[in-house]
Amino acid sequence: MSGSTQKLGVSRLFAGLVLGLLAYSANAAYQVNFQEPATKLAHTVYDLHMMMMYICGVIFVGVFGVMFYSIVKHRKAPGRESAAFHENTTVEILWTVIPTIILLVMVWPVTKALVSMRDATGADITIKATGYQWKWGYDYIKGEGEGIKFKSVLSTPREQIDGNVPKGEHYLLEVDNHLVVPVGKKVRILTTAEDVIHSWFVPAFAVKQDAVPGFIRDTSFRAEREGTFRGQCAELCGKDHGFMPIVVDVVSQEKYSAWVAEQKAKMAAAADDPAKVWTLPELMARGEAVYLQNCAACHQPTGKGLPPAFPALDGSKIATGPKEGHIGLVVNGKPGTAMAAFGKQLSDAEIASVITYERNAWGNKMGDIVQPAEIKSHAK
Amino acid sequence: MNTATTTAHGNFSAHDDHGHEPGGIMRWITTTNHKDIGSMYLWFSFAMFLVGGCMALTIRSELFQPGLQIVQPEFFNQMTTLHGLIMVFGAIMPAFVGFANWMLPLQIGASDMAFGRMNNLSFWMLPPAALLLTTSLFVPGGAAAAGWTLYPPLTIQQGMGMDMAIFAIHILGISSIMGSINIATTIMNLRAPGMTLMKMPLFCWTWLVTAFLVIAVMPILAGAVTMTLTDRHFGTSFFNAAGGGDPVLFQHIFWFFGHPEVYIVIIPGFGIISQVISTFSRKPLFGYASMVYAVAAIGVLSFTVWAHHMYTTGLPLTAQLYFMYATMFIAVPTGVKIFNWTATMWGGSLTFETPMLFAIGFIFLFTIGGFSGLVLAMAAVDVQMQDTYYVVAHFHYTMVAGALFSAFAGAYYWLPKWTGHMYNETMGKVHFWCSFVFFNMTFFVQHFLGLAGMPRRIPDYALQFADFNKISTLGAFGFGLSQLLFLYNVIVCIRGGEKAPAKPWDGAEGLEWDVPSPAPHHTWEVQPVVK
């Protein structure tokens, strides 16, 4: 019997807790709602969600108001007889029809929002976002900046993840190369993936689109204010699913044009002369950088791997065997495992340098050199 | 509802001898008795509940604070995968089959289930499947780590743990199909004279609908995982775009199974709740017929809404709209059930024993889960929430506060009938209040994490998610430890305690209360006549 008084007490306590948490919403640490919208669509979604919360809240209070009245007033007491009614057609029809009407009212604005959400036409800039285990690749394929391409990899140091040094402000939400887009322009994002399904998710834009290998999907956004917006891969994609964030810089048109010019210049400078013959120290330096960006997540910076899923390279048969086998594996990958075909992701110079690095780093002292020119001839 | 007239109670005791059965462990291996098999199902599911719970606590421990402290990401993914598979297929589904085994024959006046030996086999397929799942943690490459939804191409990359999971799913699927054929046949054919379909207790009705859902969808899951298996080993390309397949095809097949599946785990709970609410309100269930129609409607609609799990896969707009509208309409029969339960309590003479507390807790929390489901159904809003902790919060409100709470309500309700003793009421109430408070502490805050954009299935997270994750982890440990109270209460209740009368609840109705407590080994050898 004391259970129900206790119940009221606890539910009040619970309601108090919820209200308390809501009151905290100004504090970022206790954020209880969507991130602050940065697109018109995200505002719409925010408002739709609030509308649903109010409607659900009113129904909830109504239904449980009745139930708790019953719990308080209709409890067993000496002389109390329970009523015997067990049906009422009018009431039953009413509470079937009224919810249906409420649902129809609710769904109309949602339908409108959905139709505008799926309209990716009239884009000023089109960017292809490719999901890799575990990073994003961006290709500007249409509009200002066409031709720019780069990879975007988590830049949070491993020591922060392991807790050896204090965590930075944007822990796990920071990358080496930000996606940069101009404010006020419609940006169409084409998503695809190289290996498994990923999902491109930026909460402030209300954009989430799965990236499916072998298929192209699209979504779009038009950012209405400048700033840096952070999201994450939203579809489980293996070991480092939690470590492939998305960072978008929304900048003014002038800054964007400057950024495009800078990127173009950088790309021209970085373009490798295919005829160049590299020296071992050059390849090792370049190879280490490529290795840390592309290989170290699985095979580890130490080359020890995480056996048996991710084998060690230090002392491995491949890395200490004939060059041909090593090149073939890196270029073509190993189907049925997480070993991707890097021939599709990296340039010949990058592959040559990382293979050279793997054959000469740690305990591997092969002493041989793989030149970029050899990659094409050894690939399948 | 039904008013039963039975022959004298004396006719039960004469048959209560085990002389013709082997003793010891062989009794349990060879038994065809629905009560023995029901008990084994219930113990099995509770054991799996603890195993899956330990995995959940491993997950929550890692998420207690930012950074990697306890486990590495690969193992974390194995934990989330096995936690899901074990809880759905090892804990909740077998628990309700256990309830069905124990209670259906008693409730419809049948002497046993229709197919005794198949019943035995369907139980004894479970332990090997559980063994496959749990031991897969120790094989090279570890257990499956692609999430319980097993989306390819990630599943193609996994080690032999994935093959073990696939075979485990095959076995569990065969077991549930056999169990459901048995249940449907028993209900259709073995009802006592006068026990018409529309006189059956609601628990029988909900299981009848559930049984048809299981028979319809488990083969679909078996097909999906078999295609995964052949993609992995035999060069097919069902889900590989490079060979002309489509990874999203798997999701369609999986969720065509998966959505009915989530109703499979909740619908029998609706039946238990209906009976418990009516008993402790001392009033007949309000709208019995509309309850039956609502359950049937939910069962049928469950086949038409699968792609609402896939709004962000790039479905065409028209498909998004269709699945949104269809999903939304499930809220109508679900609402009818909530209203009916409230109306049942209205004007009753209420008491609040443990089963009633769990039933009210169920309605309260399941309604929250229903509302968050309605929010998720709205495709434009779901884009923000898909694959975030909001979804995790939503389905734990329906699976834990829904399915699990209804199982607890049923267990406390029928424990006196099963054991012949009353359980400890105070401890039961403490169990409820601890479960209720810690459950909300664990999962309510996850709504906020999801809204703020925290993706699910990540082993480490950004700093802004730290505080709610800490609360959630503390709640999870409280919730987990509270369940040991239940175990203790049940063991004490089996070993002794206050003798339970045949009908320990004065408001209860139904044939099961005409049988002495504990229910003798054989019951209803002479079928009762229901007027």
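In chain A, strands β6(A) and β9(A) run antiparallel and are joined by 2 bridges. Strands are DSSP runs of E with at least two residues, helices are runs of H or I with at least four, and both are numbered from the N terminus. This is a predicted model, in which local features need pLDDT of at least 70, side-chain atom pairs count only at pLDDT 80 or more, and totals for chains, interfaces and linings use all residues. Residues are numbered from 1 along each chain as its sequence is written, and chains are lettered from A and ligands numbered from 1 in the order in which they are written.

**The sheet of chain A**
- A:Phe201 stands opposite A:Gln232 in β9(A).

**The contact between chains A and B**
- Chain A contributes 88 residues and chain B contributes 88 residues to the contact, where residues are in contact if their C-beta atoms, placed from the backbone, lie within 7 Å.
- On the side of chain A that touches chain B, α3(A) gives the most, with 13 residues.

**The nonpolar core**
- The largest nonpolar core has 279 residues, and B:Ala380 and B:Ala409 have the most contacts inside it.
- Such a core is a set of buried Ala, Val, Leu, Ile, Met, Phe, Trp, Tyr and Cys residues joined through C-beta atoms within 7 Å; buried means that 20 or more other C-beta atoms lie within 10 Å of the residue's own.
- Not counting residues up to four places away in sequence, B:Ala380 touches residues including A:Val45, A:Leu48 and A:Met117.

Notes
A residue is buried if 20 or more other C-beta atoms lie within 10 Å of its own, exposed if 12 or fewer, and partly exposed in between; C-beta atoms are placed from the backbone. Two residues are in contact if their C-beta atoms, placed from the backbone, lie within 7 Å. Two strands pair if DSSP finds at least two bridges between them.
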